Amino acid sequence: MSRSAHPAGPRHADVLPEGHYTAPPADLNALDGKVWARTVERDDEGVLNVGGLPVTRLAEEFGTPAYVMDEGDFRARARAWRDAFGTDADVFYAGKAFLSRAVVRWLHEEGLNLDVCSGGELATALSAGMPAERIAFHGNNKSTAEIERAITAGVGRIVLDSFQEIVRVAHAAERLGVRQRVQIRVTVGVEAHTHEFIATAHEDQKFGLALAGGQAAEAVRRALKLDGLELVGIHSHIGSQIFDMAGFEVAARRVVGLLAEVRDEHGVELPEIDLGGGLGIAYTSEDDPREPQEIAVALREIVGRECAAAGLRTPRISVEPGRAVVGPTTFTLYEVGTVKPLEGLRTYVSVDGGMSDNIRTALYDAEYSVSLVSRTSEAEPVLARVVGKHCESGDIVVRDAFLPGDLAPGDLIAVPATGAYCRSMASNYNHVLRPPVVAVADGAARVIVRRETEEDLLRLDVG
């Protein structure tokens, strides 16, 4: 690999241009365990190893870019969530984060349930052997065909998202001679993101039925009257990448208030409450996620306290971690193609992927870490922006990070915490082929989602 010298970009925080950056770390070769999968470590030459395999070998065998998943880490995180909530609660893995048949089998073996939000996710779950009764079906606009397939398969619950869907599911269930278990998704007026939550004015969204104005209460009335539905609970989801439990406390109080209204009006105590997902992970060293056990204790205490105050039996709690299970287990491995220093600004590092394999930076201004992983370096750090190969100036993978000043074409770099949403939201923009997902465990690697080929692209083009 070339080590040719090039002019360095800015080195010190006091001369950096405006952007998302911090001061350079003391040691660019150090790995922060919060953002990397559990088996990741460097060998004596500075090469990153995962599951006992060096990334240089993975790059040679599977090519780059590639999503590299630590299977043991995924399983361990799934077990941690299962054990934290125990047998008197339900943990549903949110399949939208990342889903494949291998992942479905791991979830089944580790005792987690699964929520899906499309016919394709449902098909993946069923084809990999997830028992239908352990599947929840979400979505704000489920088609009649999707609903009928879910009911026919025997999914454990369907989460109702609108007045029209209440009727649509009830009629489908009656036609099929089934009484379908359902929950109603409510919008509680709380939106939580990371360290802040705002408790008003968030009914303006496409999901759920608002508590404000009585929509949620009316949805309960309608569902209880329909023979095809068995209303078992209320569902609430308040946001994503949440670290602070305060938003959950407000949401739980409002949902329990609805449960009390249902009891008082209908004489029914609904047996389930689903508090959704959105629990945060560490993308950078500044993030400080909570452990599953801590989250479980907090949610139980919140729901128990609110139910006791309302004179209700404590319902069975469900949660839906997706990112919190799969996000930290995976990193994306890239090869550096060009290095372009802009004097006084930053160094642009172009890799062989980009927004087609990680759209989150462009969509959400998401922040990531990045490291040189094919060797060690003692070079001074330079402010870098990792960009892709697409014809878009917004094709940014890591907006601002420090990388060694001797980074050169042919080096391998890796972006950790890309297990959630990156492959799920991947595209063929510019007809770029979507990368494979390579699972590594105990010194062995295998492809669980293969790399696309040009033949795959042309097969769909019937022109």
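D442 counts as exposed, at 80% relative accessibility. In this predicted model, D442 is placed in the loop between β23 (437-441) and β24 (444-449). Its phi is near 55°, a positive value in a residue other than glycine.

**Backbone geometry in loops**

- D365 also has a positive phi, of about 60°, although D365 is not a glycine.
- The loop that holds D365 runs between α11 (360-364) and β19 (371-372).
- D365 is partly exposed, its relative accessible area being 33%, whereas D442 counts as exposed at 80%.
- A cis peptide bond leads from T64 to P65, with omega near -5°.
- P65 lies in the loop that separates α1 (55-62) from β4 (66-70).

**The chain as a whole**

- Twelve helices and 24 strands make up the secondary structure of the protein chain.
- The radius of gyration of the protein chain is 24 Å, which agrees with the value near 23 Å that a compact globule of 463 residues would have.
- The C-alpha trace spans about 75 × 50 × 40 Å along its principal axes.
- Of the 463 residues in the protein chain, 55% are buried.
- Among contacts with a separation of 6 or more, 71% are between residues 24 or more positions apart.

**Helix α9 and its partner α2**

- Helix α2 (residues 71-85) packs with helix α9 (residues 292-310) at an angle of about 30°, and their axes are 8 Å apart.
- Angles under 35 degrees count as roughly parallel, and α2 and α9 are therefore roughly parallel to each other.
- The crossing of these two helices, α2 and α9, is right-handed.
- On the α2 side the contact involves A80, W81, A84 and F85, which meet P292, Q293, I295, A296, L299 and R300 in α9.
- The residues of this contact of α2 with α9 comprise eight nonpolar, one polar and one charged.

**Helix α9 and its partner α8**

- Helix α8 (residues 246-266) packs with α9 at an angle of about 35°, with the two axes 9 Å apart.
- α8 and α9 cross in a right-handed sense.
- From α8, the residues F248, E249, A252, R253, V256, A260 and R263 meet L299, I302, V303, R305, E306, C307 and A310 in α9.
- By class, the residues of the contact of α8 with α9 divide into nine nonpolar, no polar and five charged.
- L299 of α9 is listed in the contact with α2 and in the contact with α8.

**Helices α5 and α6**

- The axes of helix α5 (residues 144-153) and helix α6 (residues 163-175) come within 10 Å and cross at roughly 50°.
- That angle makes α5 oblique to α6.
- The crossing in which α5 passes α6 is right-handed.
- T144, I147, E148 and I151 in α5 are in contact with R168, V169, A172, A173 and R175 in α6.
- Five nonpolar, one polar and three charged residues form this contact of α5 with α6.

**Two individual positions**

- E261 is found in helix α8 and counts as partly exposed, at 47% relative accessibility.
- The C-alpha atoms of E261 and G322 are separated by 31 Å, and the two residues are 61 residues apart along the chain.
- P381 is in strand β20 (residues 381-387) and counts as buried, at 14% relative accessibility.
- A separation of 19 Å is found between the C-alpha atoms of P381 and G337, which are 44 residues apart along the chain.

Conventions:
Residues are numbered from 1 along each chain as its sequence is written. This is a predicted model: local features need pLDDT of at least 70, side-chain atom pairs count only at pLDDT 80 or more; totals for chains, interfaces and linings use all residues. Side-chain values use heavy atoms; hydrogens and water are left out. Axes are lines fitted to C-alpha atoms, for helices over the stretch in contact, and angles run from 0 to 180 degrees between N-to-C directions. Helices (H or I, at least four residues) and strands (E, at least two) are DSSP runs, numbered from the N terminus. Angles under 35 degrees count as roughly parallel, over 145 as roughly antiparallel, 65 to 115 as roughly perpendicular and the rest as oblique. A crossing is left-handed if the near helix is turned anticlockwise from the far one by less than a right angle, and right-handed if clockwise. Contact means heavy atoms within 4.5 Å. Ala, Val, Leu, Ile, Met, Phe, Trp, Tyr, Cys and Pro count as nonpolar, Asp, Glu, Lys and Arg as charged, and the others, Gly among them, as polar. Buried means under 20% relative accessible area, exposed over 50%, partly exposed in between (1.4 Å probe, protein chains only). The radius of gyration is taken over C-alpha atoms; the globule rule is 2.2 Å times the number of residues to the power 0.38.
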